[in-house]
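Q: I have a structure open and would like to go through some of its details with you. Could we take it topic by topic?
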Amino acid sequence: MSRVISVHSFRGGTGKSNTTANIAALLAAEGRRVCIVDTDILSPGIHVLFGIEEDDVTKSLNDYLWGKCNIEDAAQDVTERLRVPLKGRIYLVPSSMKAGDIARVLREGYDVGLLNDGYQRLLEVLKLDVLMIDTHPGLNEETLLSIAISDALAIVMRPDSQDYQGTAVTVEVARKLDVPRMLLIVNKTPTSFNAAEVKARVERTFGCEVAAVLPHSEEMMTLASDGIFVLRYPNNPMTKLLQQAANRLMSDGD
Amino acid sequence: MDNGKGRLLVVGGAQPHLKSLSQRLGEAGHTVTVAEQGPWAPARFASEPPELLLLDLRTPDLDAPRFVAQVRADEALGDSPIILLAAPDDLVGVERCLAAGAEDYLLAPISPTLLKAQVGEYLAISRRRQEARDRAKQEAFLKMETDLQVARRIQEGFLPKELPQPAGWEVAANFKPAREVAGDFYDAFMLSQKRRLGFVVADVVDKGVPAALFMALVRSLTRAFAQQNYSLSWTTVLEDDPVARIAGSASRARGGKRGIPSTGTNALRNAVLLTNNYIVENHEDLNMFATLFFGLLDPSNGQLAYINAGHNPPFVVGPDGAVKAALKGTGPAVGMFPATDFRIDYAQIDPGDVLYAYTDGVTEARDAARRFFTEKRLLSLLSQPADSAAGLLERVDSSLRQFMAGAVQFDDITMMAIRRKLPSSM
């Protein structure tokens, strides 16, 4: 039974893409077939974490949306790139980094219905266990769509007041859309904060379970595109927290 | 009638001098009708209007000026000149009648030469007036014909020159405009990077040039909005509508959640909703609306999403002729209400099935005895198996032609058939 997980945040800079890539790696390490779709068409970025550059992309999500290919043609098997043996597989459907392509999307838009059909097709053709949707920050029709069809939603936020307000909006929308499983991930938490207090406070504020409180990590920042953190540093406390989050996302709650 | 001989009416002919006058005119080759007695009402003569009247003022019981005025006012007689015949001491009477509209007069004793001259002259005048009247009628008729032609040309210009034929499918259309153009239209085009076939059958409620123009507007807006990609901004997301729309369907099973856009469904909704809103906001005073059926077909699997805006439901007919579905209304006609929601419904077209869409010009076609064609007859025609979409349309069309023989076609007749071919015939 395949599972669709959306990873969302109200504002940019919360570490959403990083979190997505790491959770995907952890799920794949346990033997699953995982595909990440970068639906952040206006500011694509997750491909960097897999060491993918412009030349490495023959077909992107954009090409699918513009009718030039089927969506599975844009899915790259990035498992080998990770240089760490994995029991499962990771695929990535990247969004185009070319300025012209991004401008075209801004100008013409695209049929958002294609995304839903595309997700279904990926699940079928790639025989996926998990589809992870890396969304564009903020609320728009794509976000609504991905939330509506997801089995689980992870909302990534930083513990500052702007994110608190924005996340409240997202949580409300997600509730209306009847997501079966919604979890918050608090990221880039200043090391001076007490993690347990943060967890309690956030859970109280939103009435929603916190899967993990991730500290601000220098190592994560310096690693950048040199690989996926959890695969590089399997014993790091951060990795354990991310594993916890992954487990929570895969379960259907208590 | 250029031989100078005309149809004359002599009013008041009982008197002896008029008898001989009439006789003489008759011998000269004119057709003379003599009215010897009252009542002196012009309506009496209107069925076979004379070209020229000779009116004797000495006729008993005749209010001559009144009679002249009535003749002038009469539709049929109004242009016929009146020559008065009067006694020499009755100039007052003559003046009164001239004032009432008579052309000329002769005083007794009537000189045959003068009479002949006047009759000739005024017959010529009468004929010239008749010609002018005929020309005016002709021009009015031509103008109406031109308007109809304009309307017809507008309508034709907005119908597709070619219908898309996705692999494994046959798309056919049949269109017969009424004499007075009534604004039906049909359309078909590929959407969403050719992954979907969009098709429309619509009926504008009105006739003539205004209907044709409105049809052009609706058709253009529908096409244009269907081809745009409108995405919701986050402000619209926060209003209840789009969330409710997505959340508001029964099953949460992935893919079964109907409110979630799939390929082309946003285009389908936009096309109808935005067209509706545009017309309501910008053309309220026109008081026109259109019933419309817009189907969105996935040629790869026969899945059909559709909006039926107040239009007579198309039928899905199986290969054996059984009617599998009637695609009923999912919203009101386009251009009627502001802020209406148009629901999308779904159907399946399997191999061998035909979808038949039409306008009420079909079921409401009348025969010479003014009986309707009826949906019942249409359904019985559809229920015979068809091996091609064009063949099905031809069958209905020829039945209609037979039915309507001798009767005037009042409404446009529009039909479209979309058939999914059977695998063996591909």
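Q: To start, where in chain B does Pro109(B) lie?
A: Pro109(B) lies in the loop between strand 5 (104-107) and helix 4 (112-157) of chain B, where helices (H or I, at least four residues) and strands (E, at least two) are DSSP runs numbered from the N terminus. A cis peptide bond joins Ala108(B) to Pro109(B), with omega at about -5°.

Q: Before we go on, what kind of model is this, and how are residues and chains labelled?
A: This is a predicted model, in which local features need pLDDT of at least 70 and side-chain atom pairs count only at pLDDT 80 or more, while totals for chains, interfaces and linings use all residues. Residues are numbered from 1 along each chain as its sequence is written, and chains are lettered from A and ligands numbered from 1 in the order in which they are written.

Q: OK, how is chain B divided into domains?
A: Chain B has domain 1 (7-136) and domain 2 (158-425), with bounds that come from an automatic or database domain assignment. The centres of domain 1 and domain 2 of chain B, taken over C-alpha atoms, are separated by 66 Å.

Q: What about the antiparallel open sheet of chain B, what's its order?
A: That open sheet of five strands in chain B has the order 7-8-9-10-13, with antiparallel pairing. Its edge strands are strand 7 (184-191) and strand 13 (345-348) of chain B, each of which pairs on one side only. Strand 7 of chain B is joined by eight bridges to strand 8 (residues 196-204) of chain B, the two running antiparallel, and Leu191(B) stands opposite Arg196(B) in strand 8 of chain B.

Q: Which strands does helix 5 of chain B lie across?
A: Helix 5 (residues 208-226) of chain B lies across strand 7, strand 8 and strand 9 (290-298) of chain B, running at about 160° to strand 8 of chain B; contact requires the C-beta atoms of two residues, placed from the backbone, to lie within 7 Å. Helix 8 (residues 265-282) of chain B lies across strand 7, strand 9 and strand 10 (303-309) of chain B, at about 170° to strand 9 of chain B.

Q: Switching to strand 15 of chain B, how many of its residues are buried?
A: Eight of the eight residues of strand 15 (residues 413-420) of chain B are buried, so this strand is largely enclosed by the rest of the structure. A residue is buried if 20 or more other C-beta atoms, placed from the backbone, lie within 10 Å of its own, exposed if 12 or fewer, and partly exposed in between.

Q: Which residues of strand 15 of chain B point which way?
A: Ile413(B), Met415(B), Ala417(B) and Arg419(B) point one way from strand 15 of chain B, while Thr414(B), Met416(B), Ile418(B) and Arg420(B) point the other way.

Q: Which strands pair with strand 15 of chain B?
A: Strand 6 (residues 169-176) of chain B pairs with strand 15 of chain B in the antiparallel sense over eight bridges, with Val171(B) opposite Ile418(B). Strand 14 (residues 354-358) of chain B is joined to strand 15 of chain B by five bridges, also antiparallel, and here Tyr358(B) stands opposite Met415(B).

Q: Last one: is Arg370(B) buried or exposed?
A: Arg370(B) counts as exposed, with 7 C-beta neighbours inside 10 Å. Arg370(B) has a positive phi of about 60° although it is not a glycine.

Key: Two strands pair if DSSP finds at least two bridges between them. Axes are lines fitted to C-alpha atoms, for helices over the stretch in contact, and angles run from 0 to 180 degrees between N-to-C directions.
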